[in-house]
Every structure is written in structure tokens, then in C-alpha cells.
Amino acid sequence: MFGMRKAGIRAAAITVPLVAALLGVAAAPVGAHTAKGLTCRGSGVDPAAQVRYRTEAVIDAPLDVIWKLQTDVDRWPSWQRAVSGAERLDHGRFRAGSSFRWTTPIPPEVGIPATGLDITSTVRQVKDRSCIRWTGPADGEGLHIDGVHVWNFTKVRGGVRVSTEETHTGPQVDANVPLATGILRAGLDAWLSELKAAAEARAPR
């Protein structure tokens with residue numbers, strides 16, 4: 001899919017922060033990958049991946065509010081515009097081994113049929129209110145991506161610094177790393193922006 005027409009892919013990316021969180025990095029843009037990557041309990045993103053992006057923001061809200069939004073997967077569609085569906089595949093607390101399935105639509109564009117991405121993620125490492133690392137495949141029509149996603153949450157003056165880094169591998173994204181990077185950047189930036197807006201709206205004042 002991503003080796004097809006460029007205009008269609010860009011339009012799709014704007015609509016789906018999820019797709020973005022599944023794409024990559026070439027020339028490092030502002031906020032992108034640095035020498036030392038994010039980790040959770042000692043594990044980070046795929047060091048061999050060509051597609052990579054990292055960004056962060058300070059959110060003026062309690063850590064408990066932010067953590068609840070990020071880990072209550074079933075409610076992601078209520079604050080993430082690009083998530084059309086999400087469900088936990090297990091029950092109980094959000095923990096290592098938890099898995100969830102989520103979807104994001106890709107609208108029809110020039111030369112690209114209407115489709116969507118189905119993502120199944122598994123939590124590999126988690127430290128309560130501190131970090132999360134999940135992995136999993138994303139599949140759509142003519143598209144397969146394997147992603148690794150790390151989140152860090154750190155209390156700082158003014159709120160909580162939320163940092164995120166993602167890598168993707170797969171024949172379609174590896175075929176056009178700069179384009180995949182731009183899509184990933186748009187998606188992760190949107191996710192972080194919407195997390196910030198949702199958390200700050202819910203924060204007690």
C-alpha cells in the first residue's frame with residue numbers, strides 16, 4: 001500500500017494517528033530519534049528498524065489521570081479521533097501479557113481502495129505509572145507492519161512529561177522510509193496532542 005501513490009498515503013495518514021504510530025523514520029525531524037532510545041524495564045524499540053520516531057510533551061494533569069486514559073484501551077475511541085474501535089482481549093489490571101485489538105480507518109484515495117488497519121498489540125513490559133512497551137502487527141489491504149511502541153511517564157515541574165518512541169518494520173514501510181517517517185510523525189504527534197487535551201480537560205482545577 002505504501003509503495004503506491006504518494007498523495008493517497010499522505011491523505012490517509014492525516015486521518016490515522018494509528019497508521020502513523022505504525023510507520024517510520026528516515027531523516028530525523030524535530031523530536032525524532034536520538035542516540036539513547038526510550039526503554040521500559042530495560043527493553044526498547046527495534047534497534048534494526050529503519051522506520052523510527054520519538055517525541056514528547058508535558059501534560060498539565062495528574063499522572064493518575066494520564067495513566068488511566070492511556071491504559072483504559074476500551075475507551076480510546078472517546079478521545080482519539082483516529083481510533084474507530086478498541087477492545088481489551090483480557091481482563092483485570094493492565095499488565096505484562098495484556099493484549100488488545102484496535103482499528104483505524106483509511107479512507108479511499110487516489111488509486112487506494114477504502115480499507116482499514118487492524119492492530120493486535122501485546123504488552124511486553126510495564127511499570128505502573130512509569131512506562132509501557134507493547135508490540136504487535138498491523139494489517140490492512142496489501143499492508144503489513146510490525147511495530148514496537150514505548151511510552152515513558154515522568155513527573156516534572158508543570159505536570160507529567162510523556163515521551164513516546166515507535167519503530168516499524170515491513171516491506172511496504174521499508175520501501176519508502178522518508179514517507180513512512182512523515183506518516184509516523186503525524187500520527188504520534190496527534191496521539192500525544194489528543195492525550196494532552198483529554199487529560200487536561202479531566203484534571204481537577
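Predicted model: local features only at pLDDT ≥ 70, side-chain atom pairs only at ≥ 80, totals over all residues.

Reader: How do H3 and H5 sit relative to each other: parallel, antiparallel, perpendicular or oblique?

Author: Helix H3 covers residues 63-71 and helix H5 covers residues 177-202, and their axes are 9 Å apart. The angle between them is about 130 degrees. Angles over 145 degrees would count as roughly antiparallel and 65 to 115 as roughly perpendicular, so H3 and H5 come out as oblique.

Reader: And what sort of residues make up the contact of H3 with H5?

Author: On the H3 side you've got Val65, Ile66, Leu69 and Gln70, and they meet Trp191, Leu195, Ala198, Ala199 and Arg202 in H5. Sort those by type and you get seven nonpolar, one polar and one charged.

Reader: On to the charges: how far apart in sequence are the parts that Glu165 and Arg52 tie together?

Author: Their side chains form a salt bridge, N to O at 3.7 Å, and both Glu165 and Arg52 are buried. Glu165 belongs to strand E9 and Arg52 to strand E3, so the parts being tied together are separated in sequence by 113 residues.

Reader: What about the pair Glu200 and Lys196, buried or partly exposed?

Author: These two also form a salt bridge, with the closest N and O atoms 2.8 Å apart. Both lie in helix H5, four residues apart, or about one turn of the helix. Buried would need under 20% relative accessible area; Glu200 has 23% and Lys196 has 28%, so the pair is partly exposed.

Methods
Residues numbered from 1 in each chain as written. Heavy atoms only, no water. Axes fitted to C-alpha atoms, helices over the stretch in contact; angles between N-to-C directions. Helix = DSSP H or I, 4+ residues; strand = E, 2+ residues; numbered from the N terminus. Parallel < 35°, antiparallel > 145°, perpendicular 65-115°, else oblique. Contact = heavy atoms within 4.5 Å. Nonpolar A, V, L, I, M, F, W, Y, C, P; charged D, E, K, R; others polar. Salt bridge = Lys/Arg side-chain N within 4 Å of Asp/Glu carboxyl O. Buried < 20%, exposed > 50% of the residue type's maximum accessible area, 1.4 Å probe, protein only.
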